[in-house]
Amino acid sequence: MGAFSAFLDILFPPRCVFCRKFIKSGRDLICDDCESSLPYTHGAEKKGEFFSVCIAPLYYEDDVRESLHRFKFKDATGYAKTYGKLLADAVRDKLAGRYDLISWVPLSRNRLKERGYDQAMLLALATALELDDVAVSTLEKPLEAEKQSLMGSAERRRANISGAYRATDPELVDGKRILLIDDIVTTGATLSECARTLLDAGAKEVLCAAVAQTRD
Ligand SMILES: [Zn+2]
């Protein structure tokens, strides 16, 4: 730790991202209590119609839920580093060698404008950094009006009610196994929709990883 960041730690003592207790070292931003008592999934997985598997290191409950809420809605963007580490450990453990490309579930442009940051993108970047890799954009979520015009005929629109996402660069995903990152997985419907879009664009397989998942 450099002198300047040590100085900042005195002025603004780091807090545990989960229980918000002040901690001495800001390295991982998880206190010892949380480290030993977080609701770890111990490798529990979810499956989806269009993705092969979704892993998540934590269950979405109690302090994990509160923490993710601050990350998602209260500008606690610094949490991405801590979450990224947890995600990277889970990916190394379960999905090593099974993907070619890291990407994320994007926010719609109007939501991004409201919030000012895309939390899943931050997670993907932080996770990739931990894995000594890079994360790239593969999907976008057009505005409602754009979506309508993209879909063309009324018939196609009916057949494709769900078409909320669009592959930004089919050439990039063609033949690739994609690791898609999101913050929380509940039913898996969003991940499934993203995976379907990527498969339609030519991806070979989609695997997913989230910080937390609900219990089935
Ligand atoms: Zn804690």
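Along the chain, the donors of the zinc ion follow the spacing C-x2-C-x11-C-x2-C. Donors here are N, O and S atoms within 2.8 Å of the metal (3.2 Å for Na, K and Ca), and water is not among the atoms, so sites may look incomplete. The model before us is a predicted one: local features need pLDDT of at least 70, side-chain atom pairs count only at pLDDT 80 or more, and totals for chains, interfaces and linings use all residues. Residues are numbered from 1 along each chain as its sequence is written, and side-chain values use heavy atoms, with hydrogens and water left out.

Which residues supply the protein donors of the zinc ion? They are Cys16, Cys19, Cys31 and Cys34, each through its SG atom, lying 2.3 Å from the ion. The arrangement is tetrahedral because the four donor atoms subtend angles of 106 to 116 degrees around the zinc ion; for four donors, that term requires all angles to lie between 85 and 135 degrees.

Buried means under 20% relative accessible area, exposed over 50%, and partly exposed in between, with a 1.4 Å probe and protein chains only.

I turn now to helix α10. The helix covers residues 189-200; helices (H or I, at least four residues) and strands (E, at least two) are DSSP runs, numbered from the N terminus. At 1.5 Å a residue, its 12 residues should span 16 Å, and the end C-alpha atoms are 16 Å apart, which agrees. The expected span is 1.5 Å times one less than the number of residues.

The buried residues of α10 include Leu191, Cys194 and Thr197. The buried residues of this helix pack against several elements, among them β5 (139-140), β6 (166-167) and β8 (205-213).

Thr197 itself is buried, with a relative accessible area of 9%. A polar atom of its side chain lies 2.8 Å from the backbone oxygen of Glu193. Leaving aside neighbours within four places in sequence, Thr197 is in contact (heavy atoms within 4.5 Å) with Leu139, Tyr165, Arg166 and Ala167. Just after α10, Gly202 takes a positive phi of about 115 degrees.

Finally, the protein as a whole. There are 10 helices and eight strands, and 46% of the 216 residues count as buried. Among contacts between residues at least 6 apart in sequence, 72% join residues at least 24 apart.

Terms used
Tetrahedral: all angles 85-135°; square planar, octahedral: opposite > 155°, others 65-115°. Polar contact = N/O pair within 3.5 Å; in protein donor to acceptor, adjacent residues only side chain to side chain.
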